[in-house]
Amino acid sequence: MQTSGSSNQIRQVTWRDLVLAWCLWVPLAGVFATSAAAVEAAQKSAQQNDGQLTDEQWLDVMKSLDFTTLADRRYVQGMHSIVIDESAPASTRRMAAHTLGRVGEPAAVVIPDLIEIVQNPGENDLVTRLWALKALSLFGIVAEEATPTIAGIVLDETMPFQIRVNAMDALGRVGRQHQQTIPTLLRVLRSQPKSDSTSAKQLRMAVAEALWYLGPDAAVALPDLIQATRAPWSPLRLAAVTTIGEIGPQSEIAISILVDIVLFDEAGEVREAAADAMGNIGQASISALNQLIDDPDPEVQKLAIRAIRNLQSSPVLTTLLEQQFSSENPLTRVLAAEALLLNQPGHEKAIGVLAVELGNEERRVRVTAYSALLKNLGSLDKKRNLLIDHINSPETPAQSRSAAQRLLRKLEMMDANSSEESTF
């Protein structure tokens, strides 16, 4: 491993460079969390030390400057020298490596050294490997050359569990287009765990999550992901279902499995992920969603509508949602109306349903109706009388009356603004 100097080594950057960086940073000061004080302190130190910075001062610079400014070759060189200096503080090396990863392509010169660090981390190998893997993952496909090294770590059963899990995430990010990635991940997913320990299950979950980064290119893994949806451990099922959805229309073969999950899975987050996946698969899901939305269980109806929200509008879907306006469940009615308005703003029947349900005694129904009406305020004018009825009716819950009053005031303000504009 290449080393250079002590932890307090002076790494040169000219005062002029810092002034330029300061000028570039000021317009973006509202975007970055660290205040100008850190940069000012670093600039002062640089001026006092003939334009050079210590590792501690570099920390202030890395915390304070935006990644566009830090992409300058001179800053990249300074941070690079920190990364390869084994005598520098571990926290400083980690921040420099992660900053370079976020800088991306302009900092790609450090990638071979990060690969070397992953292979030969030196002292405190667990922590060092972790930050080096994280830095490579931040580079994404810019660091594709690291794929074989990372894949080797994924398959190395002698590696600590934490290293292998982080390597899987890095592999999904940097190796999205590399031919070695999918075979490596599938080998782990298909392997028979030697135990039923949490770590063994988490390794398989990490594979499913890594495949998510590949999107449609992970379609070859669909049979294995479908098998993982039957796992007894809900986090693994969740990861598998989420990745199936990310693959998109090619996941059509999984629709029947997703329907079963929506209907029967014991974990609410897995059922929601299955509904989202059906929405991401697209039009091929419509027939199955038609069945789910007619299920007597209101929770299943809600999940079907959740899926429909992600689908492209069509006459079939419009009819499907309009049919829910007569549902016995008020939440189903408002969710259907809300979903319809996402693709068809101003849909009169949907506005009418929401205006009526604004007076519902159930809080979630009222809140959903109010939120949807607020987003479609311009279409609410024809239902103004319903708002007035809510306000004047003694049977209207106090919260509903207040919501109707707020919407009516917003309508009046909109009318006033339109009147003012018409005078010009």
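Guide: This is a predicted model, and we may begin with helix α23, residues 384-392, in which Arg384, Leu387, His390 and Ile391 are buried.

Visitor: What puts these residues on the same side of α23?

Guide: They cover an arc of only 120° around the axis, and therefore they lie on the same side of the helix. The face turned away from that buried side carries Asn385 and Asn392, which are exposed.

Visitor: Why is Thr243 called buried?

Guide: The word buried is applied under 20% relative accessible area. Thr243 has a value of 1%, so it counts as buried. This residue belongs to helix α14, residues 234-247.

Visitor: Which residues does Thr243 touch, leaving aside those up to four places away in sequence?

Guide: Thr243 touches Ala208, Glu209, Leu211, Trp212 and Leu225.

Visitor: What makes the approach of Thr243 to the backbone oxygen of Ala208 a polar contact?

Guide: The pair of N or O atoms must be within 3.5 Å, one able to donate a hydrogen and the other to accept it. A polar atom of the Thr243 side chain lies 2.6 Å from the backbone oxygen of Ala208, so the distance is within the cut-off.

Visitor: Why does Thr128 count as buried?

Guide: The relative accessibility of Thr128 is 6%, and the limit is under 20%, so Thr128 counts as buried. Thr128 lies in helix α8, residues 125-139. A polar atom of its side chain is 3.0 Å from the backbone oxygen of Asn124. Beyond four places in sequence, Thr128 touches Ile117, Pro121 and Glu123.

Visitor: Why is Asn343 called partly exposed?

Guide: Buried requires under 20% and exposed requires over 50%, with partly exposed in between. Asn343 stands at 36%, so it is partly exposed. This residue is part of helix α20, residues 330-343.

Visitor: How do you know that Asn343 and Ser313 come together, given that they are 30 residues apart along the chain?

Guide: Their C-alpha atoms are separated by 5.9 Å. Asn343 touches both Leu311 and Ser313.

Visitor: How many cavities of 30 Å³ or more does the structure hold?

Guide: The structure holds one such cavity. The largest cavity has a volume of about 60 Å³. Asn343 and Ser313 are among the residues that line this cavity, as are Ile308, Leu317 and Gln344. The elements that give two or more residues to the lining are α19, residues 315-323, and α20.

Visitor: What makes helix α5 mostly covered?

Guide: Eight of the eleven residues of α5, which runs over residues 73-83, are buried. Among them are Tyr75, Met79 and Ile82.

Visitor: What may be stated about the whole protein?

Guide: The protein has 24 helices and two strands. Of its 424 residues, 50% count as buried. Among contacts between residues at least 6 apart in sequence, 66% join residues at least 24 apart.

Methods: Residues numbered from 1 in each chain as written. Predicted model: local features only at pLDDT ≥ 70, side-chain atom pairs only at ≥ 80, totals over all residues. Heavy atoms only, no water. Buried < 20%, exposed > 50% of the residue type's maximum accessible area, 1.4 Å probe, protein only. Helix = DSSP H or I, 4+ residues; strand = E, 2+ residues; numbered from the N terminus. Arc of directions from axis to C-beta. Contact = heavy atoms within 4.5 Å. 1 Å grid on protein atoms, 1.4 Å probe; cavity = no way out; pocket = protein on both sides within 12 Å on 5 of 7 lines; lining within 4 Å. Points joined across faces, edges and corners; volume = space filled by probe spheres on them.
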